[in-house]
Amino acid sequence: MLSLVWVIGSCALILGMLRLTVEAIGRRTCTEGDYYYEYTECDGTGSRWRVAIPQIPGFCEDLPPPVQGTACTFSCAAGEFLEMTAQECTLCAAGSYSLGSGVRFDQWDVIPAGFSSLATHLDNGPHGDDSVTCNSSSWVPQGSYLESNRDECTVSLIYAVHLKKQGQVSFQYQYPDSNLMFHFFIQNDQCQEMDETADKKRVRLTSHGEWATHTVKLKSGTNILYWRTAGMLMGSKVVKPVLLKQVQIEGVAYTSECFPCKPGTFSRTPGSSSCEPCPRDTFSGQGASSCTPCHNSTQYAPEGSDECRVRPPCSVKDYFQIHTPCDSEGKTQVIYKWIKPQICLEGVDGATPLPPSGKREPCPPCNPGFYNNDTATCSPCPPGTYSDGVKACKPCPAGTEPALGYQYKWWNVLPANMKTSCFNVGNTKCDSMNGWEVAGDHIHNGAGGSDNDYLILNIHVPGFKLPTSMAEGSGSEFGRITFVFDMVCQADCELYFMMDANRKATTVVESWEGNKEKQSYTHVMTRNASVSYTWAFQRTNHPYEERHHVNDQVRIYSILVSNALDGVASECRACALSALPSSSLCVPCPLGHYIDTHTSQCTECPLNTHLIPHSAPGIGACKPCGPASKSNKEHRVCYSDCLFSHSDGNVTRSFDYSSLAPVATTMVGPSFTSKGTKFYHLFNISLCGGEGGRAVCTDNVTDISGPEYQIGEQANAVKTFICQSTIIPASGRGLNTALSSQSISLADTFLGATVESTLGRVRARPELFPQTSSNVPDVNFFYRSLEATSSCDAGRSVVLTLRCSPTKSTQGELVVPSHCPAGTCDGCTFHFLWESSGACPRCTEADYHQIDGACKGGQQDLLYMWTEPKLCVGGVSLPDKKSWPCESMDFWIRLGAGLGAFSAALLISVTCFFWKKNKRLEYKYSRLVMSANKECELPCADSCAVMEGEENEGEMEDEVVYSKPTLMGKLKAMASKRNGDPYENVQLSSSKSQGLVWG
């Protein structure tokens, strides 16, 4: 108990002493180290006050009083900071820098303070809430830059800044993949988007490795900056991320301190506005005014290093081989060189020596179109001549012209119109290296400085020149590039083939990953433009410190460019000659004309044929259009006139699809990616595809259009018979409008229309759709896209089936197979079913029948009715109702009654006549009977017959009367027969006696 009292008393004493100590300190006058200065918020007059803020509130007293501050818009120049004590601009010390009225973020080892990365919720897919699946998606710091997410999650990098005056924000970025949506926009403190950023919201695409700068003006006040990305990953291919660095914001009005130089950089003089990277083989720490050299014999350091590294022993990964240019004796040699800068050590334990150079060998021949004039170099043939690269240049014969182009298949030196380079997004190791090296019969990628370097090969074509005899616009092909290559890789290497037309935007035409056998690829140029083709090879996209895949390689064996404006000729081709006698001058042919091989004159292609570009002279250059198709007047393309007929036995049906000619649209979906992103497939279809009636699909992911584009020209627009776009709805993506991307052409050539299931190499699959019981056959329209893809060697194809459905509207219903919701089951052939009343045949006389009406009021109607079910539209119309006079039913009844009465009277008269005549016959018969009975008893009479007319003479006094027996008489007769009386009683009557009876 006493111990507890002692402890409580001790604690009270200690607390009291601490309180006295604090009060004693609080009475101390503040020194400069106890406080710092800040400005108050600006008032309505644009004024502010400088006030002192204690470092630890309550630890000192007598702070300096507030004083009038500088104007709210006051700022220092770059390289200076505002010294708050004197309120004057002061130069930054060496080893530091200042932007004056701005801030810069150029170090990305971690996300800087003030920045935040937020993954927004996507649409809920079929697997439920997808917010969990995007929790790991964010912007990732990579040292010298910031890398965006690679998936389809929507991720925003956010930074808020308060500006005292109008300013701007600028940043450097790489945006090489259109499958990733990248937007930059600004909101105020009310979360309202700034109108000024509407035209800057979509950031243009860049080529691989290109750092572009984006600048947007800022208003005074609070500005919330958003860098937003969202992948549109519809397949298994991984998109390339957006890279961000050098974010600079101006308009902060003042900075009260300078920023120290980051490690690996320095500023040697006071008043610097930026820091320089340390040279190679030197290093520095933070805030350095100079760089420290490494020990060159044992250490090395790349440019901008913060430390030195130990040089490793040399290995096979540190050297490469090249072919020397041809010397004066026409010899070349394989030699080996160390990769520069050389960082490995020779002559130490475990080091691999540099292999000796190879023996001198004869140089390969010149490329076609070039010649060797007894020199060490190959020169292009003069205009109007040609060469195969071995023989001397010769002039083209009369009636021919040089076939201009490039044909590179021997690689002793890099051609003059090609260049090579190397770059890395995170370092500058390979900036001075060759990205590709020539190797005799091929050209392959160079060693580079890191495994994730981009090794670049570029060829520039200033334009295309069609053959003289081919008119401009006679075809859709101005030229083509074909190259043969293979790839040998152990890692996730990738080769990109890109195109930049008129220096507007670099787009990826095709790409390949992993090992590839030797193969050929062709790209057709459909417009005349200055174009640069680029091959970019990357061994891996992982930034390894050490080399692991230096032996991964791509080889290009040959490159062929046709119709190049400044090209050379390896052969001559026939041309059309002037009609003038003895003329050998080549002349252009009008549109749709071919060169006749017999006359060398221009001859128009036959009706309904189209001219094949760059074909051999002769009628074979005109290819017939498919069934139910026709060519335009220039014989450029085949299309349908929306008319079709089909005969089956004696029945011919004619179809008019004009009502279906306008571009139709169908959207299929929704579908969901693995992370729940909802998307649709949009198909635009031009059934007939006449002049000006093509379908158009446009991307709106990027904004690379601008004043430099011609009027009516849209960037990333596809114009063809049938095209497809991927649509991502705006809901759940933080977007104002839906995104349209990945627009591709499914059909640029119309093959024909038929009721058969196969046309050429394209086959319809009617089993994919419900069967029909109609007597009207389905009509299949066949299309093809001639451009091959990595998955469709023969290009894509489309079968559009038209089915007569009288119960549907004219536009009807356009559907895809239920088992193939994307419209295709194999990725190459697309199937559509279009059920419509507009797909029914035209009506004919065989489609209606005649109905006779009743006779009413002396008039009878003749009506015409369609045969049900009606399976036709348009065509002939039902004939009008016809009427003519007729007799009513009462007349016919009276006429029938009269005729019946007359017939009855006539029948009675005839009956009486024959009855009377029968009576006479009976009388004669009875006389004969009587005569026969008298033969036995009386003398025979001279005649038994009664002559005609005897009864009329009155000599006959007796009359035999036969009366029909009554019922009683018949009974008596029957009784008499039973009694054995064999005689029949006959009653005779006369004028004298009532009757005689013979027994």
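## A left-handed disulfide and its neighbours

The torsion about the S-S bond of Cys 625 and Cys 638 is about -75 degrees, so this disulfide is left-handed. Keep in mind as you look around that the model is predicted.

**Cys 625 and Cys 638**
- The two sulfur atoms of Cys 625 and Cys 638 are 1.9 Å apart.
- Cys 625 sits in the loop between β48 and β49, while Cys 638 belongs to strand β50, 13 residues apart.
- Both Cys 625 and Cys 638 are buried.

**Cys 642 and Cys 688**
- A disulfide joins Cys 642 to Cys 688, and with 125 degrees about the S-S bond it is right-handed.
- Cys 642 lies in the loop between β50 and β51 and Cys 688 in the loop between β54 and β55, so the link ties together parts 46 residues apart in sequence.
- Buried means under 20% relative accessible area, so Cys 642 at 7% is buried, and so is Cys 688 at 4%.

**Cys 697 and Cys 723**
- The sulfur atoms of Cys 697 and Cys 723 are 2.1 Å apart, and their link is right-handed, with 80 degrees about the S-S bond.
- Cys 697 is in strand β55 and Cys 723 in strand β57, so parts 26 residues apart in sequence are tied together.

**A five-stranded sheet**
- Five strands form an open sheet in the order β32-β35-β40-β37-β38, with antiparallel pairing.
- β32 and β38 stand at the edges with a single partner strand each, so one side of each has no neighbour in the sheet.
- β37 and β38 pair over seven bridges, and Tyr 496 stands opposite Ser 511 in β38.

Conventions:
Residues numbered from 1 in each chain as written. Predicted model: local features only at pLDDT ≥ 70, side-chain atom pairs only at ≥ 80, totals over all residues. Heavy atoms only, no water. Pairing = 2+ DSSP bridges. Helix = DSSP H or I, 4+ residues; strand = E, 2+ residues; numbered from the N terminus. Disulfide = S-S within 2.5 Å. Buried < 20%, exposed > 50% of the residue type's maximum accessible area, 1.4 Å probe, protein only.
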